[in-house]
Amino acid sequence: MLLAVVVNRMAVALLTLAGVAVVVFVLLRVVPGDPIAMMISPGASAADIAALKAHYGLDAPLLTQFWIWTKGVVAGDFGTSITLHVYVTEVLASRLPATLELAISALVVAIALGGGVAVAGTLLRRTAGETVIDGLNSILLAVPDFIWALALVLLFAVAIPVLPLTGRIDPALAEGFATKFYLAESILTGRLAVAGNILSHMTMPTLALALPLAAVIVRLLKQSLKEAMVQDYVLLARIKGFRELRLVLQEALRNAVGPTLALTGVQFTFLIGGTVIVERIFAYPGIGNLAIDAVINRDFPLIQGLVLLFGLIFILINIGVDLTVATLNPRLRHA
Amino acid sequence: MFNVTRRQAFAAGGGLIAGLLAPRRFAAAAAGNTLNIAYNVNLPSFDPDVGPSSVNPTIQAIYRSIFDQYIGQKPNLSFEPGLLTGWGWNNDKTKVWMDVRPNVVWHDGTPFTPEDVVWTIKREADPKGGNMVSFVWASLGNFKVDGQRISADVVNYDPTIFKWMAFLAGYVLPKAYYEKVGPQGFEKKPIGTGPYMVDAYEGNAYLRLKANPKYWGGKPAFETVVFKFVPDATSRVAEIESGSSDVTLEVPYEEFDRLKSKAGIRGVCTPISDIGMIFITNVEPMLDKNVRLAMCHAVDKQTIIKRLLRGYGVAIDTLEAPEYDAYDPSIKVPHDPALAQKLLAASGYSKEKPVKFTIQTTRGYKPKDYEMIQAIVGMWRNVGIDANIEVYEIAKHFELRMSHKLAPAAFYNWGNAIGDPTCSTGFAMFSKSPHSAWHSDDLDAKIGPFWAEKDEKKRIQGWKEVDRYIAEQGYVLPILQYAQPILYKSDLKVTPNVSGALQPATLVAKA
């Protein structure tokens with residue numbers, strides 16, 4: 001049953017990606033900004049411009065260009081980046097791990113922070129503590145990730161300079177990696193000093209991405225917990241003499257977590273979108289930072305590859321969330 | 001299953017904590033033999049001769065660290081021997097000769113030869129090769145090598161050919177190595193003859209360079225140079241303020257003024273070969289000379305520089321900056337609002353009945369670009385010009401300019417690091433150039449004879465006359481020459497470069 005759902009979702013995902021591919025390909029060629037116009041020299045003649053267009057395969061009719069690109073994509077060849085001079089697949093494969101490590105770290109921090117504060121807010125309900133938590137959470141909700149990024153820069157890189165500001169790792173330590181998953185690899189191979197250096201570089205971008213998501217989690221989970229805490233089964237447990245913390249964690253949380261989990265999944269896709277600006281501010285070498293350069297330079301093959309990759313990530317996350325929610329909730333599993 | 005003893009757990013925890021605290025330790029180490037530069041742009045490609053990066057002036061400092069140009073350039077834009085120790089034309093300028101520096105080796109230890117020079121020029125001249133100025137290199141042909149001397153026929157006489165050898169896309173690459181590894185292999189492991197060798201690179205993060213011990217110009221001052229790619233200006237300010245980087249550049253002028261007097265930090269801000277200008281397109285209402293001249297006379301450039309750029313910049317009246325070969329200080333277009341009003345009145349315009357048009361500008365692409373245009377539009381309004389501001393992306397500017405569809409007025413910046421008038425007035429104003437906005441036969445007739453003028457004095461004088469004519473006709477509105485702010489730790493000495501290329505090998509030293 002679950003397998004059929006997965007197969008069905010994957011088929012829809014392929015159709016969605018095909019649609020994304022068409023839209024991005026056409027849009028790039030319709031919106032102003034010709035990559036050739038950006039690179040021609042002052043004295044270039046019409047023949048020079050034509051030669052450059054031919055060099056980058058932009059002289060063929062639109063349909064022909066699309067056919068060539070589609071054939072390549074199906075065969076796993078996304079073309080060569082105009083600005084980087086390397087295969088798009090190679091660039092994406094080398095940059096994606098950095099973004100994944102950052103996004104997953106931010107997700108973990110957001111869940112831990114948001115979950116913890118939501119539980120605390122539930123325990124402190126109808127007290128001054130709850131008001132303080134709600135007030136602080138409203139501020140967290142109102143401030144976008146890039147503002148957090150700038151605030152963290154001022155706080156931890158200038159006022160109290162305890163954290164490195166830019167990059168993913170100290171350049172002096174960036175050696176001996178077999179994969180591009182620097183954090184995971186350094187932990188698994190026991191290079192904990194290197195892992196610590198990577199974590200120190202990731203702290204600020206992770207917090208900038210995690211804080212707004214944590215605020216969403218707090219608001220939703222706290223509300224769900226509040227509703228669960230007045231249900232009969234919680235009342236029964238309370239009569240049995242369970243402590244308040246146990247009531248929240250053991251009785252209420254399991255039933256309240258479903259909606260939060262679903263929303264967190266959706267918000268995670270926004271978080272990955274947020275890496276574009278945050279990676280830029282912290283000079284973090286992920287696909288977000290890469291995307292900005294690609295757009296500025298009108299690097300068509302790279303933009304097309306990036307959009308497809310972002311599309312694929314979003315689809316996979318949504319499928320993953322649906323499956324997780326279904327697994328946790330028997331009613332949905334059999335629906 | 002892992003079996004971890006208490007001792008191992010303590011050791012692992014200690015390592016993690018040491019790692020977390022390590023950044024400050026590395027920052028302190030920067031004062032030794034490592035130079036950390038918070039650089040304002042990313043390095044997309046290692047090929048300095050092909051593709052969009054090759055004509056990007058902002059990354060030339062990096063290319064000049066790894067590669068050598070045919071001809072070198074001093075910080076004041078004058079030329080000096082590079083990989084060529086001598087060069088010139090024959091008397092009738094039908095042939096050129098180039099003497100190649102002996103005893104130079106590539107980073108992989110193989111000898112640099114005249115064949116590398118010939119191969120590079122041929123590669124650059126190939127119109128299908130992706131070099132942005134292939135027409136320049138194609139002006140030479142039929143190369144002959146005799147010892148260290150290369151001679152070639154002049155196919156099309158270009159008086160700037162040797163200047164281009166010190167300019168964009170003018171770097172010599174290793175023939176044998178490039179042919180062996182191919183373009184993609186070269187991107188992964190580039191080699192040059194320059195003062196630094198590529199040690200590690202992570203796109204959008206950093207480039208680590210190691211000193212080339214066999215460099216023909218002597219070993220550089222720093223053993224290691226790290227270019228951190230920090231495009232966000234706020235982050236660059238934080239990098240230098242926190243001590244994480246030793247040098248940074250292109251920070252907002254307000255931040256430059258704040259930080260340059262701070263303990264441990266010094267600053268230098270001098271004019272560079274980059275100017276701000278307003279293109280005028282030959283469409284209505286710009287076909288009216290009175291309107292064009294009124295636009296020019298209404299703008300108070302000094303006030304703009306003083307108020308918006310905190311005094312950092314030089315007002316200009318032609319497209320030639322003071323350091324350029326054809327700069328003529330006698331050409332003046334003074335700020336004269338009364339004259340502007342008089343000119344407009346002659347064409348039937350006044351403050352009550354203003355002439356209307358659109359001006360396009362970028363926003364945030366150059367320092368205070370949008371604010372500058374806002375100020376100019378305000379000045380215009382005071383004399384009877386009602387301009388509507390349209391903000392566009394730089395990519396759109398290029399496309400519109402190439403297709404000659406810019407608005408009647410369009411703000412842009414223009415670099416010319418070799419200071420030759422063909423690369424400023426010439427390409428910006430000659431109608432055959434894809435980058436020009438004003439197209440008219442009278443101007444083309446003035447410019448035409450000087451493209452291939454063989455008498456250098458006559459050529460430069462001719463361009464000065466062209467500049468004077470353009471100023472008299474109001475075919476373009478030059479505004480200012482930009483200044484480049486550089487902040488650095490006080491234990492360093494930085495020499496500013498008029499070209500804007502902050503080369504660590506020659507321009508940054510220990511104080």
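**View 1. The largest nonpolar core of this predicted model has 206 residues.** Look for B:Met277, B:Ile280, B:Ala294, B:Ala410 and B:Val476, the residues with the most contacts inside this core.

**View 2. Another core, of 18 residues, lies apart from the largest one.** Among its members you'll find A:Val88, A:Ile287, A:Phe300 and A:Leu302.

**View 3. In chain B, four strands make an open, antiparallel sheet.** Going across, the strands come in the order 4-5-7-6. Strand 4 (84–89) and strand 6 (140–146) of chain B sit at the edges with a single partner strand each, so one side of each has no neighbour in the sheet. From one strand to the next, the twist averages 15 degrees.

**View 4. Now for a closer look at how strand 6 and strand 7 of chain B pair up.** Strand 7 covers residues 149–154, and five bridges link it to strand 6 in the antiparallel sense. To spot one pair of facing residues, find B:Lys144, which stands opposite B:Ser151 in strand 7 of chain B.

**View 5. Helix 3 of chain B, residues 114–125, packs on the sheet.** This helix touches strand 5 (95–100), strand 6 and strand 7 of chain B. The directions of helix 3 and strand 6 of chain B make an angle of about 170 degrees.

Key: Residues numbered from 1 in each chain as written. Chains lettered and ligands numbered in written order. Predicted model: local features only at pLDDT ≥ 70, side-chain atom pairs only at ≥ 80, totals over all residues. Core = buried A, V, L, I, M, F, W, Y, C linked by C-beta atoms within 7 Å. Buried ≥ 20, exposed ≤ 12 C-beta atoms within 10 Å, placed from the backbone. Pairing = 2+ DSSP bridges. Helix = DSSP H or I, 4+ residues; strand = E, 2+ residues; numbered from the N terminus. Axes fitted to C-alpha atoms, helices over the stretch in contact; angles between N-to-C directions. Contact = placed C-beta atoms within 7 Å.
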